[in-house]
Amino acid sequence: QVQLAESGGGLVQAGGSLRLSCAASGVIFSINAMGWYRQAPGKQRELVAVIHEGGSTNYADSVKGRFTISRDNAKNTVYLQMNNLKPEDTAVYYCNAGVVVTTTLGEYDFWGQGTQVTVSS
């Protein structure tokens with residue numbers, strides 16, 4: 001029904017930057033909140049940042065001042081600009097979206113496949 005395609009992960013040195021993108025496609029009527037989560041080895045998945053349809057944002061304390069989430073509603077795309085990366089940011093990053101589908105006008109939660117971010121010290 002709905003697919004989330006992530007891109008932009010990779011290997012970067014501490015202090016460097018990466019920009020993640022996630023494009024939603026499929027039977028989309030509208031998208032409410034879009035967000036990024038991450039999961040490091042041996043740890044639970046955690047919220048990194050979320051942006052609501054109106055543009056309001058929330059961030060995990062660990063990334064405030066370093067990461068910026070944004071969205072392009074015309075493209076159904078959410079971005080995560082990550083600056084001053086630290087080794088502890090190493091994780092698989094997952095995109096999430098609350099999508100209202102055209103078929104039922106119900107809202108469902110969708111996830112991307114994940115993209116690896118590795119920060120070397």
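Q: Which backbone nitrogen lies 2.5 Å from a polar atom of the side chain of E6?

A: The model is a predicted one. In it, the backbone nitrogen of C95 is found 2.5 Å from a polar atom of the E6 side chain. The side chain of E6 also reaches the backbone nitrogen of Q113, at 3.4 Å.

Q: Is E6 buried or exposed?

A: A residue is called buried when its relative accessible area is under 20%. E6 has a value of 10%, and is therefore buried.

Q: Where is E6 found, and with which residues is E6 in contact beyond its neighbours within four places in sequence?

A: E6 belongs to strand β1, which covers residues 2-7.

Q: How do strands of a sheet pair?

A: Strands pair through backbone hydrogen bonds, in a parallel or an antiparallel sense. Here, four strands form an open sheet in the order β1-β3-β8-β7, with antiparallel pairing. The twist from one strand to the next averages 15°.

Q: Why is one side of β1 and of β7 left without a neighbour in the sheet?

A: Both β1 and β7 (67-72) stand at the edges, and each has a single partner strand, so one side of each has no neighbour in the sheet.

Q: Over how many bridges do β3 and β8 pair?

A: Strand β3 (residues 18-26) and strand β8 (residues 77-82) pair over six bridges, in the antiparallel sense. L20 stands opposite L80 in β8.

Notes:
Residues are numbered from 1 along each chain as its sequence is written. This is a predicted model: local features need pLDDT of at least 70, side-chain atom pairs count only at pLDDT 80 or more; totals for chains, interfaces and linings use all residues. Side-chain values use heavy atoms; hydrogens and water are left out. Helices (H or I, at least four residues) and strands (E, at least two) are DSSP runs, numbered from the N terminus. Buried means under 20% relative accessible area, exposed over 50%, partly exposed in between (1.4 Å probe, protein chains only). A polar contact is a pair of N or O atoms within 3.5 Å; within protein, one must be able to donate a hydrogen and the other to accept it, and residues adjacent in sequence count only if both atoms are side-chain atoms. Two strands pair if DSSP finds at least two bridges between them. Axes are lines fitted to C-alpha atoms, for helices over the stretch in contact, and angles run from 0 to 180 degrees between N-to-C directions.
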